[in-house]
Amino acid sequence: MEVLATFFNVGLFVATIRTTTPILLVALGGSFTTKAGIFNIGLEGQMLIAAFFAVIGSIWTGSSFGGLLIGVAAALAFALVYAVLVVSFRANEVVVGLALNILAGGMTISLMKAIFGTRGSVVGRGIVGLPKVQLPGARDMLGPSYAQLISGYTPLVYVAFLSVPLLILFYARTRLGLYLRVVGEKPEAAETLGISIAKVRYIASLLCGLFAGLAGAHMSLGYITMFTENMSSGRGFMAVAILIFSAGNPLKVLLGCLLFGFADAFSLRLQILNFPSYLILAVPYAVALMALFVLSWRTRPKLVRETLETMRSALSGKAQDSGGKLPADNRS
């Protein structure tokens, strides 16, 4: 019981909310491109470049808000390049996304060496982290222990979770949300209605870059106040996996992100039991693989049914052939 109390307590759920936030922000951003019919695998690079430039901007301006703006601007620049290559020049979206991910990784390492004269991480040096919001009355209403479930987070945590219902309404009730869905599901119908597919996909890509920029800024100025090489650590790819099976539905995106966020937070708790570090780091990715397997299992009954029908039709065809005339070689 003591071990369970050590693992499953308020602190675990607080950590889950914090680790869920960057994945949720970038996945919600990816929902725009998913709805618009773009398979955006470049989320990882957009997050990483935003995290780096958010730190640079924080140091240059002496303000976390300035760092946030510069980080988002960097992600928007990557999103614009992605849109130009994919939408205007019709380049392969997977190849472009992977190229931008590689570019972001190499660029952050090179700029870190050029600007700070170091590799690995940037700590201190005047980095200003995002402030924490203390909700008035939370301690009186829930007590000092449970108040931290809803209070004491950076503003981007609240932005991430409040964006879920807002995006549900956006896709269901607004004209742009309808255009995104029409362009993604029925591009021929969109052209018939006079909707500019290129314009809608540009807007979707830039909105995706906005949210990916917020996710990256949260990682380096909110989640922790530092930048390390490859600090996105596959969160962008996790968001892509969530988007594949959620089809950009904000509520399903939230549930998938909470699963991965919980796995990430739980893996940190495993350090108490002195598990090897490589096993601890692998926990979120193992959960991702298990989730993909479980979700894909739903398609198995359909595959089995179609296979049985194909075999049945093939066997019935053989039976009809055998009941007919004998082959020419056996005729008397």
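The legends below describe close-up views of a predicted model. Local features need pLDDT of at least 70, side-chain atom pairs count only at pLDDT 80 or more, and totals for chains, interfaces and linings use all residues. Residues are numbered from 1 along each chain as its sequence is written, and side-chain values use heavy atoms, with hydrogens and water left out.

**View 1. Crossing of helices α7 and α10.** Helix α7 spans residues 155-173 and helix α10 residues 197-223; their axes come within 10 Å and cross at roughly 145 degrees. Helices are DSSP runs (H or I, at least four residues) and strands likewise (E, at least two), numbered from the N terminus. Axes are lines fitted to C-alpha atoms, for helices over the stretch in contact, and angles run from 0 to 180 degrees between N-to-C directions. L156, V157 and S163 of α7 meet F211, L214, A217 and H218 of α10, where contact means heavy atoms within 4.5 Å.

**View 2. The largest nonpolar core.** This core has 66 residues, and those with the most contacts inside it are L24, F32, L180, F227 and V253. A nonpolar core is a set of buried Ala, Val, Leu, Ile, Met, Phe, Trp, Tyr and Cys residues joined through side-chain atoms within 4.5 Å; buried means under 20% relative accessible area, exposed over 50%, partly exposed in between (1.4 Å probe, protein chains only). Helix α10 gives the most to the core, with 11 residues. Leaving aside neighbours within four places in sequence, F32 contacts L167, F170, Y171, L180, A204, L207, C208 and F211. Another core, of five residues, lies apart and includes V14, I17, Y153 and V157.

**View 3. N40 in the loop between α2 and α3.** The loop holding N40 runs between α2 (10-35) and α3 (43-61). N40 counts as buried because its relative accessibility is 5%. A polar atom of the N40 side chain lies 3.0 Å from the backbone nitrogen of G42. Not counting residues up to four places away in sequence, N40 touches T33, Q46, Y82, C208 and V240.

**View 4. Helix α8 and its N-terminal cap.** In helix α8 (residues 175-185), the buried residues are G177, L180, V182 and V183. They pack against α2, α7, α9 (187-192) and α10. T174 caps the N-terminal end of α8, with a side-chain oxygen 3.1 Å from the backbone nitrogen of G177.

**View 5. G137 in the loop between β1 and α6.** G137 is found between β1 (121-123) and α6 (138-146). G137 counts as partly exposed because its relative accessibility is 38%.

Notes
A polar contact is a pair of N or O atoms within 3.5 Å; within protein, one must be able to donate a hydrogen and the other to accept it, and residues adjacent in sequence count only if both atoms are side-chain atoms.
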